[in-house]
Amino acid sequence: MKQRKLSILGSTGSIGTQALEIAAYHPEYFDVVALSANSNWQLLADQANRFRPDYLLLCNGANKAAFEERLSYKPKALMYGEQELGGLASIGEADIVLNSLVGFAGFLPTVAALKAGKQVALANKESLVAGGEIIKDLIDGNPGRLIPVDSEHSAMMQCLAGERNERIEKIIITASGGPFRTWTKAQMAGIRVEDALAHPNWSMGDKITIDSSTLMNKGLEIIETYWLYDIPFDKIEPVIHPQSIIHSIVEFVDGSSKAQLGPPDMKVPIIYALTYPDRLPLDTPRVDWAEPVELTFEPVDFERFPCLELAIESGRQGGHAPAIMNAANEVAVERFLKKEIDYIDIAKIVGKSLEKMDRNTDLTIGSLYDVDQETRNLAKLI
Ligand code: MG
């Protein structure tokens, strides 16, 4: 594999730090040329001092002076403010842009990187959920332009290597079920923030951890699947698989199924996206097949996890509905984390926002932003 020049948007988060560990493990294959962080200026400076990228962006510039003081070298460009993310995503030097921003804020950088001809490793699922129609046009049928950094979609992509999408009968997307898989509805009414942040298998950022616990994450992933692989919603089947060893299954028209397996470790989908269509060695845990391995499956309980149905339904409706669902969920999760609302209110806020928002306009980048903002305003008051 030729050396690849890598930009990381959101380098201080869970995906960003793991991607840098991979870059450090394979310095001959990855040259880090740009990093961005939201507000963790200390870690951004430490990462920069280690990898010496030419471009640095700190979105929250409140600690600008201390940040610059901590840098041990002089980058070509130092940028401040979230509005610079699109510019950073399209710098000429980069081959691959890893977008690990959180929420709809990641949408424009994805668009900017694709327009600039970059390969995008996408860990920001919200940009595809809300703006899938626009992003799909930019990819123009070339799956190598946008590679998912999500264990399920990476699994699907690996199962689909050498296959034709039109020969898919269905895709079985696995879900761990999260920390409340076995909780009763009555128990779920009293869920605390600490309970929801304790994911049994995956270590991730706060937003996605809450989304995993409500199964909203699976709903977002079903919409992602629809856009990435052009599969109708009724052919995407979620199933609970508590061990998180099978990351998804593709069933083909001849009755054959392929699954991709491995211990739950985000470094695997990250390195696959960064090396696609090649692979490189990585010292991640392996399944020990000499030991008994239990792989179990259960149906999804849509009644206890109403967010899943809300997400799928918004995906089926299309247009602005997924953007409304996504914005309402972002606000609801934030409010839950701040202990302003109860856990079960997350689904209520999403449902009510979908009912109340008018969505009958043509979909453009501008209209997506308007709808996103209006939904946020509304969801804050429900
Ligand atoms: Mg996932």
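These legends go through the predicted model, from the whole chain to single contacts.

**View 1. The whole chain.** This is a predicted model, in which local features need pLDDT of at least 70, side-chain atom pairs count only at pLDDT 80 or more, and totals for chains, interfaces and linings use all residues. Residues are numbered from 1 along each chain as its sequence is written, and side-chain values use heavy atoms, without hydrogens and water. The C-alpha atoms fill a box of roughly 55 × 55 × 40 Å along the principal axes. The radius of gyration, taken over C-alpha atoms, is 20 Å; this agrees with a compact globule of 382 residues, which would have a value near 21 Å. That rule is 2.2 Å times the number of residues to the power 0.38. The chain has 16 helices and 11 strands. Both are DSSP runs numbered from the N terminus: helices are H or I with at least four residues, strands are E with at least two.

**View 2. Two domains side by side.** Domain 1 covers 4-148, and domain 2 covers 179-214 + 301-382. These bounds come from an automatic or database domain assignment. The C-alpha centres of domain 1 and domain 2 lie 26 Å apart. Domain 1 puts 15 residues into the contact and domain 2 puts in 18. Contact here means heavy atoms within 4.5 Å.

**View 3. The area between the domains.** About 1200 Å² is buried between domain 1 and domain 2. Buried area is the accessible area (1.4 Å probe) that two parts lose on being put together, summed over both. Carbon and sulfur atoms give 68% of the buried area. In domain 1, Phe-104, Ala-130 and Ile-134 lose the most area to domain 2, together 41% of what that side buries.

**View 4. A salt bridge across the domains.** Between domain 1 and domain 2 the count is 1 salt bridge. The term means a side-chain nitrogen of Lys or Arg within 4 Å of a carboxyl oxygen of Asp or Glu. Lys-207 and Glu-126 also form a salt bridge, at 3.0 Å from N to O. On the side of domain 1 that touches domain 2, helix H5 (107-115) and helix H6 (125-139) each give two or more residues. H6 gives the largest share, 7 residues.

View 5. The whole structure holds 25 salt bridges. One joins Glu-21 and Lys-267, whose closest N and O atoms are 2.6 Å apart. Glu-21 lies in helix H1 (residues 14-25) and Lys-267 in helix H12 (residues 267-275), so the pair ties together parts 246 residues apart in sequence.
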